[in-house]
Amino acid sequence: MRLYLIGMPGAGKTTLGRSLAQSYGVPFVDLDAEIVEREQCSISELFVGQGEEYFRQCEADALRAVLARYPALVLATGGGTPCFHQNLELLLETGLTLYLAVPVPELVRRLQQAASARPLLATAPDAAALEVRLRETLAARQRFYERAPLRCTAPTCSPEVVRRLVARYSTTA
């Protein structure tokens, strides 16, 4: 089984992914952590030092390496992963993709303290600017996210709910 979690920064992909991997008895991989390990620097350092284009290529390379290494896993992708280098097509072809749909006000609440550590959100000086930036980012990414066959909307997206969604999908697919 391969389950891929996609969605905006702050959607809970890593937290939920760890729990799901444990309950399914498969490895958990956080794609951003994989990139940091491969590149030996933080995501922010990659963005500042090499630029977003370089980061997106590293992300695509790391995704392909992870999928080659793990026949079964739960993968938490970066928020932009599905939007570049045909990554979404790869996810859709090789496993089950779940979109964690979290309303923007909830994302703002979750990210307000940590936004400065996220390269694409670091320029937002306050909650209002952060909300504008998140809405713009979501508008650009929504068409990719909505192609996922499964969708779970916060705050009801728990491991138990996801397991039921996956089971229901598996019996009807």
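A search of the whole structure, which is a predicted model, turns up one disulfide, a term that stands for a pair of cysteine sulfur atoms within 2.5 Å. Cys152 and Cys157 make this bond, with 2.3 Å between their sulfur atoms. The link of Cys152 and Cys157 is right-handed, at 125° about the S-S bond. Both Cys152 and Cys157 are buried, where buried means under 20% relative accessible area, exposed over 50% and partly exposed in between (1.4 Å probe, protein chains only).

Two further cysteines, Cys58 and Cys83, are in no disulfide. Here is how they sit:

Now to the backbone. Most residues other than glycine have a negative phi. His85 has a positive phi of about 55° without being a glycine, and Gln86, not a glycine either, has a positive phi of about 60°. His85 lies in the loop between strand E3 (73-76) and helix H5 (87-94), and Gln86 is also found in the loop between E3 and H5. Helices (H or I, at least four residues) and strands (E, at least two) are DSSP runs, numbered from the N terminus. His85 is partly exposed because its relative accessibility is 34%, while Gln86 counts as exposed because its value is 58%.

A note on reading the numbers: residues are numbered from 1 along each chain as its sequence is written, and side-chain values use heavy atoms, with hydrogens and water left out. In this predicted model, local features need pLDDT of at least 70 and side-chain atom pairs count only at pLDDT 80 or more, whereas totals for chains, interfaces and linings use all residues.
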